[in-house]
Amino acid sequence: LPWFIARYPGSFSPDSISQYGQVLSGVYNDWHPYWHTLVFFTFPLKLTGQTASIVLLQMIYFSIALGYSSLVIYKIAGFRIGIISQMYVLLNPYTGHILLYPWKDVGFAIASLASVAMAVDYFFFKEVWARKWWRFILLGVTMANATLFRHNAILLTAPLALALLFHMQKRQWLWVSASFLVLVFFVRVPLFYILDVGKPQQRGLEMVGLPMTIIGNVVKETPEALDEEMAEFVYSIASQELWEAAYFCGNFNANKWQKGADMTPIDEAGALKILRLTAKCFTKSPRKSLMALFTLTDMVYGLEGDMSGEGWGIAENKYGITYAGNDKLSACLNSYTRLFNYSICRYLKHIGTALLFMLAAMLAKSRLNRWEDWKKIFLWMPIFVYDFGTMMLLSGEDSRFFYVTFLVCPITAVFVFYMRGAEQG
């Protein structure tokens, strides 16, 4: 709430402005999942007519999910651990910054946190869940929302659904699956066509960000390594001069929106050809290829470096959305962010730290020679599948894709440390 008061009415990037415009025009497009636009933009705007309500309602959704997760942790591990788990999330300035943006990444993170917390709640309190059938339907609906808020969210929800299969009774799992499929079908088919939602173009470009980042570094740094096929492909996208001016190591995003660049050849080439050209890059210029690979992906597993996403502001728009916050409070929060970033606390805001902690907990508390423990391990694996799967789709260092990692880290760690207690009743 202090961040919201300081930067009222919130932060609106070009993506957010685009979704805001869709609500006003009534013309929806699925480039940013339209279900997210409906839930996070249309609903609050139609309800209140106030722009700030978009960010405020997102904060309410977030508070409910975090409160529920902390309540589950409290029931399992006690009051002190519950408070520590909340503070890990709330004291992180990254949370304060990203919650100002009504992004699909935040909506996905909120729904994912609720889904994981419900799965852990079920694992420890099966008897309570067995008496309330509606909980299973609610879990399926929550997982469906997480899936619908991000186009690649299935990387988390599919492994979670598979993990639940090992722990739930068949009828319970079918309730979860049925409610999940019904909502996804309703949103993706009849509602999609009722609202005449526009289908996104150049979706193939979003799937080959990592290969194009590697190719781009070779084009810029060692153009002499290009053979005839590679040269024909890359120079149909942009000239050598444009590659050198726009591209920088580990980031293909700048090229995607560069004036004079043509991304059409990427969609026309297809993923298989681009992967083949990427393999050539490793053969002909291995050093520059590896440099691009690690520069782009170390944000996910590294423990150092800057995290993108701590800016704030409102993009130029025609809707009259302007800053009206409290400058003094904003200055205090800026000082707090700098203090956090230049102290040992900075390690708490890295994705790699959270993943390393969860992995260490698993290795310390699991018996890898027992199938029963592996079935439990499957319940915390979804965040790893999502993070490393999404990492392969990156085209630039954009940490907001992985904010969900911070949210699920406490509940996942508590699950791992206390799972044997549940086994003993």
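The buried residues of H9 are Arg135, Phe136, Leu139, Gly140, Thr142, Met143, Ala144, Asn145, Ala146, Thr147, Leu148 and Phe149, where buried means under 20% relative accessible area, exposed over 50% and partly exposed in between, computed with a 1.4 Å probe on protein chains only. Helices here are DSSP runs of H or I with at least four residues, numbered from the N terminus. Because twelve of its 16 residues are buried, H9 is largely enclosed by the rest of the structure. The cover over these buried residues includes H3, H7, helix H8 (126-130), H10 and helix H11 (170-188), with contact meaning heavy atoms within 4.5 Å.

From its first C-alpha to its last, H9 reaches 23 Å, close to the 22 Å expected at 1.5 Å a residue; the expected span is 1.5 Å times one less than the number of residues.

## Basis of the values

This is a predicted model, in which local features need pLDDT of at least 70 and side-chain atom pairs count only at pLDDT 80 or more, while totals for chains, interfaces and linings use all residues. Residues are numbered from 1 along each chain as its sequence is written, and side-chain values use heavy atoms, with hydrogens and water left out.

## Pockets

A pocket is an open set of points, on a 1 Å grid over the protein atoms alone, with protein on both sides within 12 Å along at least five of seven lines, whereas a cavity is a set of points where a 1.4 Å probe fits but cannot get out; lining residues have an atom within 4 Å of a point. Grid points are joined across faces, edges and corners, and a volume is the space filled by probe spheres set on the points. The largest pocket holds about 820 Å³ of space and is lined by 28 residues, of which Lys104, Arg150, Glu206, Lys256 and Phe401 lie nearest its centre. Helix H2 (14-25), helix H10 (154-165) and helix H16 (253-256) each supply at least two residues of this lining. By class, the lining of the largest pocket has eleven nonpolar, nine polar and eight charged residues, with Ala, Val, Leu, Ile, Met, Phe, Trp, Tyr, Cys and Pro counted as nonpolar, Asp, Glu, Lys and Arg as charged, and the others, Gly among them, as polar.

The second largest pocket has a volume of about 440 Å³, and of the 18 residues that line it, Ile64, Ala65, Ile110, Ala114 and Thr142 are the closest to its centre. Two or more lining residues come from each of helix H3 (34-48), helix H4 (52-77), H7 and helix H9 (134-149), and H9 gives the largest share, six residues. The lining of this second largest pocket divides into 14 nonpolar, three polar and one charged.

## The enclosed cavity

The count comes to one cavity of 30 Å³ or more, and about 40 Å³ of space lies in the largest cavity. Its lining consists of Val116, Leu379, Trp380, Pro382, Ile383, Val408 and Thr412, and the elements that give two or more residues to it are helix H21 (371-380), helix H22 (382-391) and helix H23 (404-423). By class, six of these lining residues are nonpolar, one is polar and none is charged.

## The nonpolar core

The largest nonpolar core has 123 residues, and those with the most contacts inside it are Met212, Trp243, Ile266, Tyr403 and Phe415; such a core is a set of buried Ala, Val, Leu, Ile, Met, Phe, Trp, Tyr and Cys residues joined through side-chain atoms within 4.5 Å. Helix H7 (residues 104-124) gives the most to this core, with 14 residues. In soluble globular proteins, nonpolar side chains tend to be buried together. Leaving aside residues up to four places away in sequence, tyrosine 403 touches Phe62, Val89, Tyr94, Thr95, Ile98 and Ala109.

## Loop residues and backbone features

A cis peptide bond, with omega of about 5 degrees, joins tyrosine 8 and proline 9, and proline 9 is found in the loop between helix H1 (2-6) and H2. Aspartate 196 has phi near 55 degrees, a positive value in a residue other than glycine; aspartate 196 lies in the loop between helix H12 (190-194) and helix H13 (209-221) and is exposed, with a relative accessible area of 63%.

Glutamine 258, in the loop between H16 and H17, is partly exposed, with a relative accessible area of 31%. Not counting residues up to four places away in sequence, glutamine 258 touches Leu242 and Ala246.
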